[in-house]
Amino acid sequence: MPAAIDHLLPDRLSRIVSLLDRSTLDMLEELRIRENRPLEVIFGGKYSFLSAAGGLTLSAEQAYKPDRDDCLKLLDLITNHSLYSFEEELRRGYITVRGGHRVGIAGRAVLDRGQVKLLRDISGFNIRLAREVRGAAEGIIRTLIDPAEGMIHHTLVVSPPQCGKTTLIRDIARILSEGAWGAGRQPGRGVKVGIVDERSEIAASVAGVPTFDVGSRTDVLDACPKAEGMMMMIRSLSPQVIIVDEIGRKQDAEAIQEAMHAGIRVVATAHGRDIADVQRRPDLAPLFAASVFSRYVVLSGTGRSRRQQVYDGELRLIRLAADKAVAGR
Amino acid sequence: MIKLIGALMVIGASTMYGFYRARSYAERPRQIRQLIHAVNRLATEIGYGSTPLPEALGKLSRQMHKPLDRMFQEAALRLGRERNATVRQVWRETVDRYWGLTAMKSPEKEAFIELGSTLGVSDRDNQLRFLELAKTQLQHEEAAAREEQVRFEKLSRTLGVLGGALIVILIY
């Protein structure tokens with residue numbers, strides 16, 4: 001797994017990370033670099049600092065503290081020596097890099113008429129590793145399919161951060177696109193899938209081409225705002241299923257209803273601990289008032305203990321999956 | 001006879017040296033002009049295209065003449081694969097390496113290296129401002145170089161021939 005982020009790190013940091021033992025590296029979720037503060041890793045739901053010799057330590061004194069030089073080089077590498085070409089990303093606070101990893105950044109905000117224009121003096125980085133887990137959705141996909149129409153239900157995936165939302169819908173996209181649900185892959189059953197990938201996390205497109213396997217009948221609108229992207233999809237790409245990540249704004253809810261009225265199935269995700277959590281969000285309330293979703297998937301647990309619960313439109317539990325295929329990384 | 005051949009060789013050599021000096025006086029403003037073009041193009045790439053720096057420099061290198069093309073090419077290549085140096089370092093090292101091959105002198109070199117320490121580390125508006133600054137400095141040096149060219153280009157040619165003649169007269 002170190003190779004996955006190796007190209008992002010300057011030599012010194014790369015060496016320290018590469019000295020970690022295999023099992024930790026395999027579970028690595030986040031690498032946090034803060035100027036003059038301990039280098040931190042998060043793996044399997046736990047955190048630890050890293051010493052200069054590459055060992056794990058919980059004492060901040062023994063930990064390696066990246067200096068200004070490390071941070072500047074890291075920023076240089078992440079932005080391909082061209083900070084100016086990431087203005088939009090700097091405004092939003094994160095950069096998606098090759099491999100689909102997301103680098104969150106912290107610094108000083110520069111305002112323009114009260115709106116954040118960009119971040120400068122960047123001194124904090126959070127490298128979140130993206131992982132492609134083929135088969136992450138296989139445990140539950142059958143319960144999401146509407147057998148009468150041979151098509152997926154309108155589905156909302158609810159989960160706190162880091163529980164594998166994006167991984168799950170990426171795999172749903174692949175399965176639908178290949179028609180690989182039920183009794184194995186059946187030729188001619190795949191559907192047209194459209195992914196609106198506002199944060200470039202689902203497909204991890206580089207120069208417009210997905211680097212993760214999202215299926216052969218899948219179109220990806222990369223870095224496109226969700227609401228607008230969904231409308232563009234409906235108008236021009238004629239998808240049968242639209243997949244979007246992290247809905248939350250009023251426009252998103254409207255666009256989803258629009259898509260449903262156009263006869264398109266929608267798979268979306270939202271941040272939340274449980275369904276009630278999401279229902280309380282005022283901007284998403286219309287979706288629940290009209291009870292448009294007929295399946296809810298609630299994810300919980302990180303690292304090796306992950307659970308997927310599937311509810312139907314009336315919030316009755318249909319399936320609870322906690323198998324190794326889901327948790328096994 | 002041998003004396004005559006020797007004399008001709010001395011005059012020939014000093015004339016060539018004179019022409020060589022004259023050429024470098026003529027080359028300098030031309031190369032500075034090229035740098036200014038490069039800065040302009042870079043401003044377009046950064047301002048309108050948001051092109052990443054390695055790619056922008058690669059494009060530039062294909063539009064430049066010798067020997068500047070190699071300088072930009074190497075900078076582009078190194079930025080593409082360098083994992084452990086900032087633009088500032090790569091830029092300075094590359095300029096240092098190739099500057100000897102050009103006819104340019106230290107004032108424009110300073111201005112150009114200064115530009116390298118600002119490239120890629122700020123937002124677009126800021127980058128354009130730095131590029132504009134570098135352009136102004138280079139234009140200033142270009143004017144100075146042209147003045148020198150007018151004054152010294154012919155002079156060095158004449159001095160070359162005459163210097164040769166003088167040596168011949170003295171030792172003949």
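The model on the screen is a predicted one.

Now show chain B together with chain A and turn to the contact of the two chains. Chain A contributes 14 residues to this contact, and chain B contributes 17 residues. On chain A, select helix α4 (residues 68-78): with 4 residues, α4 of chain A supplies the largest share of the side that touches chain B. By class, the side of chain A that touches chain B comprises 6 nonpolar, 4 polar and 4 charged residues.

The tour continues within chain B. Select helix α2 (residues 53-63) of chain B and show the side chains of L53(B), P54(B), A56(B), L57(B) and L60(B), which are buried. Why do these residues lie on the same side of α2(B)? They cover an arc of only 160° around the axis, and this places them on the same side of the helix. As a general rule, an α-helix has 3.6 residues a turn, so residues three or four places apart point the same way.

Keep α1(B) and α2(B) in view and hide the rest. Their axes are 10 Å apart, and the two helices pack at an angle of about 145°. The crossing in which α1(B) passes α2(B) is right-handed. From α1(B), select A38(B), R41(B), L42(B), E45(B) and I46(B); from α2(B), select A56(B), K59(B), L60(B) and Q63(B); together these make the contact. The residues of this contact of α1(B) with α2(B) comprise 5 nonpolar, 3 charged and 1 polar.

For the last stop, select L159(B), which lies in helix α6 (residues 124-171) of chain B. L159(B) is partly exposed, because 18 other C-beta atoms lie within 10 Å, whereas a buried residue would have 20 or more. Finally, select Q34(B) as well: the C-alpha atoms of L159(B) and Q34(B) are 29 Å apart, and the two residues are 125 residues apart along the chain.

Conventions
Residues are numbered from 1 along each chain as its sequence is written. Chains are lettered from A and ligands numbered from 1 in the order in which they are written. This is a predicted model: local features need pLDDT of at least 70, side-chain atom pairs count only at pLDDT 80 or more; totals for chains, interfaces and linings use all residues. Two residues are in contact if their C-beta atoms, placed from the backbone, lie within 7 Å. Ala, Val, Leu, Ile, Met, Phe, Trp, Tyr, Cys and Pro count as nonpolar, Asp, Glu, Lys and Arg as charged, and the others, Gly among them, as polar. A residue is buried if 20 or more other C-beta atoms lie within 10 Å of its own, exposed if 12 or fewer, and partly exposed in between; C-beta atoms are placed from the backbone. The arc is that of the directions from the helix axis to the C-beta atoms. Axes are lines fitted to C-alpha atoms, for helices over the stretch in contact, and angles run from 0 to 180 degrees between N-to-C directions. A crossing is left-handed if the near helix is turned anticlockwise from the far one by less than a right angle, and right-handed if clockwise.
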